[in-house]
Amino acid sequence: MYSNWSDYVQTSEELYRSRALRFHDGNKTKWLDLLRIQDGMSVLEVGCGSGLFAHRVKTYLPHTTVTGLDFDSGHIAFAKAKSHELGLDCMFANGDATAMPFTDQTFDLCYSFTVMEHIEPNAFLHEQYRVLKPGGTIAVLTVLPGLNLSGENWQPTAGEEQKLFEKAFQAAPEAPIQIRKYPLSVSEYAPIMEKNGFRDINVNVMSLVSYAPDSADVPVERAIECINVNRLFMLNSMSKALNLNPAALTKQERSRLNELINHRFDERIHCYENGEKMWDIATINVVALTGRKN
Ligand SMILES: C[S@@+](CC[C@H](N)C(=O)[O-])C[C@H]1O[C@@H](n2cnc3c(N)ncnc32)[C@H](O)[C@@H]1O
């Protein structure tokens with residue numbers, strides 16, 4: 001059992017719900033174009049997390065054979081349970097992206113979203129080259145920090161809530177997992193892909209508004225979910241700090257922090273429901289590199 005990612009970085013639920021907001025029906029064509037995916041393909045998602053993308057692909061393209069791989073057993077258990085709940089025939093495997101449990105030349109497409117920056121890039125690409133069929137496609141999708149607009153009103157900027165957060169984090173030891181170990185600039189991705197045998201490299205960028213509850217084209221249910229996913233990020237952020245150092249806050253402080261976070265997001269929903277617009281937005285720019293195995 002290895003679950004450091006879901007214990008210390010992103011819980012399965014927050015990953016699933018935040019991805020669901022990005023990969024919603026209104027963005028379906030954009031994502032499928034970016035992935036260069038067609039119905040009937042045999043597809044592998046490398047570093048699939050808790051499985052939202054794989055589920056969406058299978059729902060939209062029911063004749064694809066969809067497999068997801070991740071080394072976090074918590075995420076894989078979540079993805080399998082969700083498949084069952086949704087009645088989707090997807091396969092999920094626990095394993096390392098640099099030594100995958102698949103035979104050579106199995107897949108038409110290997111894709112990943114925000115994964116390559118965490119794994120030694122040559123090992124990551126070489127392994128996908130091995131499991132792709134000749135002529136198969138790789139799609140490396142990532143979100144580069146600095147290209148995005150973060151949400152306003154997500155983090156407390158002053159007051160009791162911020163002080164309690166600082167206290168929770170101050171004494172926390174380092175998490176037993178290091179993320180973004182291999183950050184690359186856009187111009188570094190393509191040469192590494194070419195070095196690992198991929199040809200016909202294409203670079204694309206897709207801009208998404210990932211949070212805009214007050215926008216007229218966002219349905220009520222999604223608007224409320226946007227706010228609640230940010231509530232979940234904050235609550236989980238507190239829990240992760242306390243996983244690392246349970247003594248950082250007293251029981252009373254922990255419950256007070258919980259109360260303050262919930263109050264802030266309840267207020268935001270209250271404003272939304274009363275038509276008091278705040279126009280807080282967040283955007284992401286997804287950089288997608290695709291290449292072909294000869
Ligand atoms: C930022 S998350 C993205 C998850 C998923 N692609 C999504 O967007 O919902 C990165 C994922 O890569 C996985 N991961 C990191 N290193 C890995 C490795 N060496 N082998 C397999 N999975 C890995 C983590 O467990 C995590 O689920």
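The following is a short exchange about a predicted model of a protein chain.

Colleague: What should I know before reading the values?
Modeller: In this predicted model, local features need pLDDT of at least 70 and side-chain atom pairs count only at pLDDT 80 or more, while totals for chains, interfaces and linings use all residues. Residues are numbered from 1 along each chain as its sequence is written, and side-chain values use heavy atoms, with hydrogens and water left out.

Colleague: How many helices and strands does the protein chain have?
Modeller: Helices (H or I, at least four residues) and strands (E, at least two) are DSSP runs, numbered from the N terminus. Counted in this way, the secondary structure of the protein chain comes to ten helices and seven strands.

Colleague: Why does the protein chain count as being as compact as a globular protein of its length, and what is its radius of gyration?
Modeller: The radius is taken over C-alpha atoms, and the globule rule is 2.2 Å times the number of residues to the power 0.38. For 294 residues the rule gives 19 Å, and the chain comes close to that, so it is as compact as a globular protein of that length; its radius of gyration is 20 Å.

Colleague: What share of the residues in the protein chain is buried?
Modeller: Buried means under 20% relative accessible area, exposed over 50%, and partly exposed in between (1.4 Å probe, protein chains only). Of the 294 residues in the protein chain, the buried share is 52%.

Colleague: How many residues of strand β7 are buried?
Modeller: Strand β7 covers residues 282–293 and is mostly covered. Of its twelve residues, the number buried is eleven.

Colleague: Which residue in β7 is the bridge partner of Met206?
Modeller: Strand β6 (residues 198–211) also runs antiparallel to β7, with eleven bridges joining them. The partner of Met206 in β7 is Val286.

Colleague: Is Val209 buried or exposed?
Modeller: Val209 is in strand β6. Leaving aside neighbours within four places in sequence, Val209 is in contact (heavy atoms within 4.5 Å) with Ala282 and Thr283. Its relative accessibility is 52%, so Val209 counts as exposed.

Colleague: How far apart in space are Val209 and Ile281?
Modeller: In sequence, Val209 and Ile281 are 72 residues apart. In space, C-alpha to C-alpha, the distance between them is 7.3 Å.

Colleague: What share of the contacts with a separation of 6 or more comes from residues 24 or more positions apart?
Modeller: The count takes contacts in the protein chain with a separation of 6 or more. Among these, residues 24 or more positions apart account for 83%.

Colleague: Which class of accessibility does Arg36 fall in?
Modeller: Arg36 lies in the loop between α3 (28–35) and β1 (42–46). Its phi is near 55°, a positive value in a residue other than glycine. Because its relative accessibility is 39%, Arg36 counts as partly exposed.

Colleague: Is Thr114 buried or exposed?
Modeller: Thr114 is found in the loop between β4 (107–113) and α6 (121–131). Thr114 has a positive phi of about 55° although it is not a glycine. With a relative accessibility of 17%, Thr114 counts as buried.

Technical notes: Two strands pair if DSSP finds at least two bridges between them.
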